Amino acid sequence: MSNLGCGPYIGAAELTQRGWTETMITKLLGEPDHTTPNRGRRAGGRIRYWLITTVEQIENTEQFQQLLAAADSRRASQQRGRDCS
């Protein structure tokens, strides 16, 4: 989590570590509350951040829990497929 001036933020990379998918980020969070240049990659896009309070509110909804369970199920299925190779 980062503190960028007016409040604590969480970045897209941290969201994926919490189980969020890019589709979930787009669907549930929408446009970021803050962005910064991606200093590590010239051609890279900006680093996206959302207020942690917003993220936590959404994580406590039934809709998020259902999407997270579906994403976890897909990840487990993909992993089983890799284990059989």
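Threonine 21 is buried, at a relative accessible area of 19% (buried is under 20% relative accessible area, exposed over 50%, partly exposed in between, with a 1.4 Å probe and protein chains only). This is a predicted model, where local features need pLDDT of at least 70 and side-chain atom pairs count only at pLDDT 80 or more, while totals for chains, interfaces and linings use all residues. Numbering starts from 1 along each chain as its sequence is written, and side-chain values use heavy atoms, leaving out hydrogens and water.

**View 1. Threonine 21 sits in the loop between α1 and α2.** Helices (H or I, at least four residues) and strands (E, at least two) are DSSP runs, numbered from the N terminus. A polar atom of the threonine 21 side chain lies 3.1 Å from the backbone nitrogen of methionine 24. Skipping residues up to four places away in sequence, threonine 21 touches Ala71 and Arg75 (contact means heavy atoms within 4.5 Å).

**View 2. Strand β4 (residues 47-51) pairs with β2 (residues 8-11) and with β3 (residues 34-36).** Strands count as paired if DSSP finds at least two bridges between them. Three bridges join β2 to β4, and the two run antiparallel. Look for isoleucine 10 opposite tryptophan 50 here. On the β3 side, three bridges again make an antiparallel pairing with β4, and threonine 35 stands opposite arginine 48.

**View 3. The largest nonpolar core has 15 residues.** Such a core is a set of buried Ala, Val, Leu, Ile, Met, Phe, Trp, Tyr and Cys residues joined through side-chain atoms within 4.5 Å. The members touching the most other members are Leu15, Trp20, Ile25, Leu29, Trp50, Val55 and Phe64. Two or more residues each come from α1 (12-17), α2 (22-29), α3 (52-59) and α4 (62-83), with α2 giving the largest share, four residues. In soluble globular proteins, nonpolar side chains tend to be buried together.

**View 4. Zooming in on leucine 15, its contacts include Trp20 and Trp50.** Leaving aside neighbours within four places in sequence, leucine 15 also meets Ile10, Ile25, Leu29 and Val55.

**View 5. Zooming back out, the protein has four helices and four strands.** From the N terminus on, the elements run β-β-α-α-β-β-α-α. Buried residues make up 27% of the 85 residues. Of the contacts with a separation of 6 or more, 56% are between residues 24 or more positions apart.

Technical notes: A polar contact is a pair of N or O atoms within 3.5 Å; within protein, one must be able to donate a hydrogen and the other to accept it, and residues adjacent in sequence count only if both atoms are side-chain atoms.
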